[in-house]
Amino acid sequence: MNNVTTTMSSDEGVAGNFVSRRLFFLQYLHVLEFVVAVLVFVVINSLRQRRRYGLPVWPFLGMVPSLVSGLRSDLYEWISDILCEQNGTFRFKGPWFSSLNCVVTADPRNLEHLLKSKFSVFPKGPYFRDTVRDLLGDGIFNADDETWQRQRKTASIEFHSAKFRQLTTESLLELVHARLLPVLENAVNQSISIDLQDVLLRLTFDNVCMIAFGVDPGCLRLGLPEIPFAKAFEDATEATLLRFVTPTCVWKTMRCLDLGTEKKLKKSIKGVDEFAEEVIRTRKKELSLQTEDKKQRSDLLTVFMRLKDEQGKPFSDKFLRDICVNFILAGRDTSSVALSWFFWLLEKNPVVEQKILAEICKIVNERDDMKNGADLKSPLIFRPEEIKKMDYLQASLSEALRLYPSVPVDHKEVVEDDTFPDGTLLKKGTKVIYAIYAMGRMEAIWGKDCREYKPERWLRDGRYMSESAYKFTAFNGGPRLCLGKDFAYYQMKFVAASILYRYRVEVVKGHVVVPKLALTMYMKHGLKVNLIKRHESELQVYLKNNV
């Protein structure tokens, strides 16, 4: 009897355990079903919002997952695709705790509004200034209000002076013929490939340092030595850009703890500062010993050293450092990067190259010495008036800048509630990104052939015609229109003509060309090329056709 009772109790225990486990499983299943249902709802709701906002909006994370995807591929193309789908403007939503919320636009109406019509309402703003202050300080690209106006006015007067123009053209001529062409000729003689982007960066870096600091760092010479200041400057600009795609609280914590990219930035800025401090110290000594009859320098550093601030005192060394670093950033990267994309596009469009060469030869053929049978082998130096006549070359460079602007995106911040012409509402403190790269890929702006390289779109009856600064914003617009625009075109045309007249540039087979994420649009892997010297017979064909 006891055995029977024990057996029954055991069976009831097993049954009870089975029932309880089943009940637990059912409860677990209900919870799982609930979680899955919530996740499905969140996913569907987030994806549904893509129609409205252009990207999925995830709880807590906002649009960051999509941004990460864009960073892994080509961020500029990613932004362009979204803007094309959203008719030129979209609102990016970051995590609630981040500083990544902003409005992104490529609508020319909005650009004219923020760059010109409501210029005072759209300064660089505290977010931008705080993000780049470690590198740019209070220089012209980071300054607003009176600080910006004072620098702009002084620089504008200097940029338009005859002495300054003479300095820029003479230094460029010397760099091209005494440095650039020998480096290229050496590569041809040794039958080696060169990184043309690196060579052009060295050229413009030396050139702008002569203009800004009155110092020749000697980056461009045979052997292409590494210059610590140049390397520090490039590393600093790269690390600074990463702050814009990192939550402010994160990069500031990294800066405090001296970690990762912030550690690299700190080291790079130290290298930039040491160079600037040495130049300023040396220049002050020179000026104190300078006599009245001695030829005065006309570089920007010396000009600002002779001026006084609003209290009637000389500018501080920190202020002088900021001014020069800002102008180096503008003058070094923009022209060299534009030329790199220009030569890459030329190889893909040989007909354009032939037209440029025909134009150059036609202008050269107008020289009196060429009419009298001058020898083509003699060194040819283009004259300023000849460079100005090269309309098709300028159109080709403008078209390269349209598709690959040196500054692909720029930033503003609205200081009072406002509304864009396209109807986008802007609350005070909203960050605005205007996507210059994307503008070149908008059919609404440039037509269905917007992705094609067509210099002819810039010509009217064979003469170069510029476009609205709010349609073609490579040189900015409004009161902040680039002061060095004319010199930039002269520099690019002089360098391009000097190279193309002597060499055919061929990109190394298999070399990958993609943009790099930086303040300016570097090629990520440089531009590896082979140079093929043009034979006299090839030039004679163009010269005879222009007789």
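Q: How many cavities of 30 Å³ or more does the structure hold?
A: This is a predicted model, in which local features need pLDDT of at least 70, side-chain atom pairs count only at pLDDT 80 or more, and totals for chains, interfaces and linings use all residues. Side-chain values use heavy atoms, without hydrogens and water, and residues are numbered from 1 along each chain as its sequence is written. A cavity is a set of points on a 1 Å grid over the protein atoms alone where a 1.4 Å probe fits but cannot get out. At 30 Å³ or more, the number held is one.

Q: What is the volume of the largest cavity?
A: Grid points are joined across faces, edges and corners, and the volume is the space filled by probe spheres set on the points. For the largest cavity this gives about 60 Å³.

Q: Which helices each supply at least two residues of the lining of the largest cavity?
A: Lining residues have an atom within 4 Å of a point; among them are Leu 401, Arg 402, Ile 436 and Met 439. Helices are DSSP runs of H or I with at least four residues, and strands are runs of E with at least two, numbered from the N terminus. The suppliers are helix 17 (391-403) and helix 18 (436-439).

Q: In what order do the four strands form the open sheet?
A: Two strands pair if DSSP finds at least two bridges between them. The pairing in this sheet is mixed, and the order is 1-2-7-4.

Q: Which residue in strand 7 is the bridge partner of Val 409?
A: Strand 4 and strand 7 (residues 431-435) pair in the antiparallel sense over five bridges. The partner of Val 409 is Ala 435.

How values were computed
On a 1 Å grid over the protein atoms alone, a cavity is a set of points where a 1.4 Å probe fits but cannot get out, and a pocket is an open set with protein on both sides within 12 Å along at least five of seven lines; lining residues have an atom within 4 Å of a point.
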